[in-house]
Amino acid sequence: MSGEHMQIGEVAERTELSLRTIRHYEDAGLVIPSARSQGGFRLYTEADVARLMVIRRMKPLGFTLDEMRDLLDATDRLDAGRALPAAEHAELLERVRGFERAAQRRVADLRIQLARAEEFAGTLAGRLTGAPAPQTGADAPAAR
């Protein structure tokens, strides 16, 4: 196999996605292996890995598979290397801008959630630090 293609195991390792997840994204039409080996194994390129990384970064922000597909379609068309009519180019850029704005909003929401979670964890740690030691033996109150 040439150095330009990778099997799914290497792609999974590089993207930190499971084989099952990569196959799921293939079934959903988000990433298609660039080739197949003579034995039928999926073969991926650096471009496929980059595409999976976009998907991986969108997932924790709560983007749906359809939204991922929409963004990937827009970026694919912008990156195709062919001249686009000005109106189409502007529309594609606006779609990407919309995703950028949505990502920024979702990141801000996650920062708020993280701050609340850290505050809660700090409260628990404070309770544990300030909690009296359990009484044992002669120090324990008598049972009634």
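**Exercise 1: salt bridges between helices**

R95 counts as buried, because its relative accessibility is 18% (buried means under 20% relative accessible area, exposed over 50%, partly exposed in between, with a 1.4 Å probe and protein chains only). Before going on, note that this is a predicted model, in which local features need pLDDT of at least 70, side-chain atom pairs count only at pLDDT 80 or more, and totals for chains, interfaces and linings use all residues. Residues are numbered from 1 along each chain as its sequence is written, and side-chain values use heavy atoms, with hydrogens and water left out.

Task: find which side chain meets R95 in a salt bridge.

Solution. Start with the rule: a salt bridge is a side-chain nitrogen of Lys or Arg within 4 Å of a carboxyl oxygen of Asp or Glu. The partner is D70, at 2.6 Å from N to O. D70 is partly exposed, with a relative accessible area of 31%. Finally, widen the view: D70, D73, R77, E88, E91 and R95 are linked in a network of salt bridges.

**Exercise 2: two helices crossing**

Task: describe how α4 and α5 cross.

Solution. First, the axes of α4 (residues 65-79) and α5 (residues 86-130) come within 10 Å and cross at roughly 135°. These axes are lines fitted to C-alpha atoms over the stretch in contact, with angles from 0 to 180 degrees between N-to-C directions. The two helices are therefore oblique to each other (under 35 degrees is roughly parallel, over 145 roughly antiparallel, 65 to 115 roughly perpendicular, and the rest oblique).

**Exercise 3: a residue in α3**

Task: is I55 buried or exposed, and which residues does I55 contact beyond its neighbours within four places in sequence?

Solution. Begin with the location: I55 is part of helix α3 (residues 46-58). I55 counts as buried because its relative accessibility is 0%. Leaving aside neighbours within four places in sequence, I55 is in contact with Y25, L30, M68 and L72 (contact means heavy atoms within 4.5 Å).

Methods
Helices (H or I, at least four residues) and strands (E, at least two) are DSSP runs, numbered from the N terminus.
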